[in-house]
Amino acid sequence: MFGLSKETGLGLDNDRLMRLISFLFPLAIIFAVIFAFLWMFATGKFGYALRGIFTGIPAILSCLFIFFIYKKDVSLHDIDIFPSLSTKSLAYLFGIFYIGSLVVLLLSPGSRPLCYFLFILGLYLSVFFQIFSKNINPSLILAESILIAGNLIFSVTLNYDFYVGTTDILPHIFISEVTALTGKIIPTSLSDYAYFPLYHVFIAEASEILKISIKNSLFVVTAPVYAITIVFLYYLFNYITNNRQISLLSCVLFSASSTVLYYGTNVITRTMAFIMFIVLLYLIYSVNFKKDKLSLKTLSVIVAVFLTLVHNVSLPQLVILLIILLASEYVIGNNNYISKPFFILLNVIFSTYWFFVAYMFVQRSLAPRLQSQFLDSIVLTAGGSEVLQESFTDLAGLLDKSVFLFFALIGIGFLLKNYKKNYASVLGLFALLTLIFYIPNPLNTIWQFKVLFRVDRFMLFVSPFMAFIMGYGLYIFWNYMTKYSSKKSNSAFLVILLFSIFVLVSSVYSISDSGFLGQEAKHEYFTSEELSGFNHIFKYVPVNSPTKSVYTDYYASRFFYVPLIPSKSAELNISSYDNYRIGDVNKLPEYKGYIVLRTREFFRSGLYFGSEESTLKDTANYFYQGLPKNELELENNLKGLDKIYSNPSTDIYIPHKGI
């Protein structure tokens with residue numbers, strides 16, 4: 001069907017293949033959207049169908065727009081729609097908005113009100129106008145983008161009493177504490193992270209050098225390291241496109257992405273692997289763009305070793321992405337920048353380390369996931385019809401995905417159509433092949449993909465490529481509208497509006513902590529009153545006590561799983577509390593231990609007593625909401641218990657007969 005290349009004889013006829021892909025691509029997207037809706041209705045996932053409207057409709061609209069692009073001549077040229085705006089004035093405006101955002105945070109400790117996000121929108125718009133003004137200053141724009149990213153990250157991690165994210169931060173603080181106190185890498189009996197210690201060594205060393213706590217070290221040191229990836233991406237994109245506006249716009253969209261913002265507050269081991277992946281990509285492509293190749297090759301090998309030692313499973317996932325990138329280069333048939341010998345070396349490094357050094361990790365963590373009972377049939381996760389109960393405020397959080405998909409598909413369509421002598425088309429094809437990892441789709445409902453093999457973690461790794469094609473698509477859209485629209489001001493207003501929606505929704509919903517989102521906004525942090533209740537357990541119940549069982553919700557149980565280590569303890573004789581998640585409120589009187597309830601959080605948005613990430617397929621989610629019937633049920637079951645501690649946020653109980 002594809003034919004043979006006249007030059008190679010046995011190779012693909014890239015011209016015919018790319019014409020076929022570019023023609024079928026928008027049609028395939030339209031049919032995929034229709035099939036997805038039919039599949040969700042057939043399986044009873046009506047909630048997902050409702051959410052799918054926010055991605056399905058923009059996808060169809062963008063595909064229809066692609067057909068217009070195919071019929072017209074869209075030439076790329078610099079957009080200077082705001083020539084009258086001086087860079088100096090916009091920089092002053094940026095400074096005013098930045099100071100305003102800091103003032104709002106200082107006046108609203110422990111919260112992020114709506115006016116804070118309006119200041120953030122103003123910051124992004126000032127940067128946006130600078131990109132499309134007459135005099136572009138890339139260094140200034142990159143510096144401002146890093147400052148905005150730092151502002152948004154620290155507004156969460158340093159603004160709340162103890163931000164924990166999805167609670168993965170807690171064990172990493174614990175391991176870093178052990179590393180700092182002992183001056184050694186943790187033993188394998190404590191965690192498999194003994195084989196991947198670089199992150200915890202880094203946090204421990206920063207804590208010692210800066211003379212701050214491990215928790216503050218994790219938050220303060222990792223944020224600038226994370227934000228600096230914007231600079232590497234700019235040079236990488238500029239190498240590929242040789243277009244400063246597209247490169248800068250892509251970097252701004254990357255920094256504003258909800259996925260990127262969320263992981264900016266959760267810079268744990270896999271996030272650190274992502275940072276080094278960006279550096280590795282920059283080095284790989286730089287070898288082909290710069291003459292001094294030996295030093296870059298040496299640095300590439302060092303980064304590959306770092307990736308092997310910083311996180312357990314990120315490198316194989318990154319290898320999969322590199323395979324897709326290699327395949328995209330082969331299909332496009334232009335220049336090849338991914339070094340095949342280095343790719344082989346990368347695989348040899350991590351596989352050798354896994355099977356000859358970290359073999360216990362392979363046995364304990366990887367082998368169990370390949371058991372046949374987990375793969376014998378497709379299992380769907382929970383989250384179907386109940387999504388219909390979501391408010392309009394919750395569903396509005398999907399608007400950033402709508403804007404992204406509209407521009408991203410336009411960018412992909414243009415790059416596939418105009419692939420000749422354009423390496424950016426490789427990233428376009430790569431983005432098309434990996435789009436399923438980034439946007440909501442039916443695969444997210446399959447337990448094996450979402451939970452067992454954690455395909456959801458690809459979302460962060462592909463985010464730079466998605467920002468690139470979104471920036472490219474926005475640039476194409478604006479060029480097209482400027483050339484063929486009768487009123488250029490209308491097209492400029494539309495682009496600015498869509499950009500503002502993307503930025504505002506992404507920044508607000510990346511961490512759903514704002515009070516104006518309603519009572520159901522998820523709080524991924526502990527308040528000072530909750531911490532006081534937890535410290536009551538630490539103060540009066542020693543970890544070596546025979547009655548050290550703690551029953552609580554999922555988030556609090558992860559806190560008790562990580563013991564507070566005495567500062568004078570130098571040996572590694574560590575024990576933790578026997579913590580359990582409450583499985584059934586009606587069995588509270590039967591529990592033989594301390595019951596810790598975050599009562600304010602229960603009344604505000606409910607408590608999570610189940611385990612969404614369990615490796616058992618028959619484990620049910622148990623989200624206990626603060627409904628009137630649940631309040632009555634909880635009150636009746638607590639009558640058989642004695643309250644030994646109480647504050648406005650936390651209550652601690654024990655059975656009447658004691659423990």
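The questions below concern salt bridges, helices, backbone angles and surface patches in this predicted model.

Student: How many salt bridges does a search of the whole structure find?
Tutor: Side chains of opposite charge can pair when their charged atoms come close. A nitrogen of Lys or Arg within 4 Å of a carboxyl oxygen of Asp or Glu is counted. The number found in the whole structure is eight.

Student: How many residues apart in sequence are the parts that Glu 530 and Arg 598 tie together?
Tutor: The side chains of Glu 530 and Arg 598 form a salt bridge with an N to O distance of 3.5 Å. Glu 530 is in helix α24, and Arg 598 is in the loop between β5 (594-597) and α26, so the parts joined are separated in sequence. Both Glu 530 and Arg 598 are buried. The separation is 68 residues.

Student: Arg 604 and Glu 601 meet in a salt bridge; what separates them along helix α26?
Tutor: Their side chains meet at 2.9 Å, N to O. Arg 604 has a relative accessible area of 18% and is buried, and Glu 601 counts as buried at 9%. Being three residues apart in helix α26, they are separated by about one helical turn.

Student: What distance separates the end C-alpha atoms of helix α5?
Tutor: Helix α5 covers residues 138-157, which is 20 residues.

Student: Thr 167 has a positive phi although it is not a glycine; is Thr 167 buried or exposed?
Tutor: Most residues other than glycine have a negative phi. Thr 167, with a phi of about 80°, sits in the loop between β1 (162-163) and α6 (169-182). Its relative accessible area is 0%, where the limit for burial is under 20%. Thr 167 is therefore buried.

Student: Lys 211 also has a positive phi; is Lys 211 buried or exposed?
Tutor: The phi of Lys 211 is about 60°, and Lys 211 lies in the loop between α7 (198-210) and α8. Its relative accessibility is 69%, and a residue counts as exposed over 50%. Lys 211 is therefore exposed.

Student: What is the area of the nonpolar surface patch that includes Leu 64?
Tutor: Leu 64 is in helix α2 (residues 46-71) and is partly exposed at 40% relative accessible area. The patch is made by Ile 53, Ile 57, Leu 61 and Leu 64, and its area is about 340 Å².

Conventions
Residues numbered from 1 in each chain as written. Predicted model: local features only at pLDDT ≥ 70, side-chain atom pairs only at ≥ 80, totals over all residues. Heavy atoms only, no water. Helix = DSSP H or I, 4+ residues; strand = E, 2+ residues; numbered from the N terminus. Expected span 1.5 Å × (residues − 1). Patch = residues over 30% accessible without salt bridge, like charges linked within 9 Å, V, L, I, M, F, W, Y side chains within 5 Å. Areas by Shrake-Rupley, 256 points an atom, 1.4 Å probe, with all protein chains shown as cover. Buried < 20%, exposed > 50% of the residue type's maximum accessible area, 1.4 Å probe, protein only.
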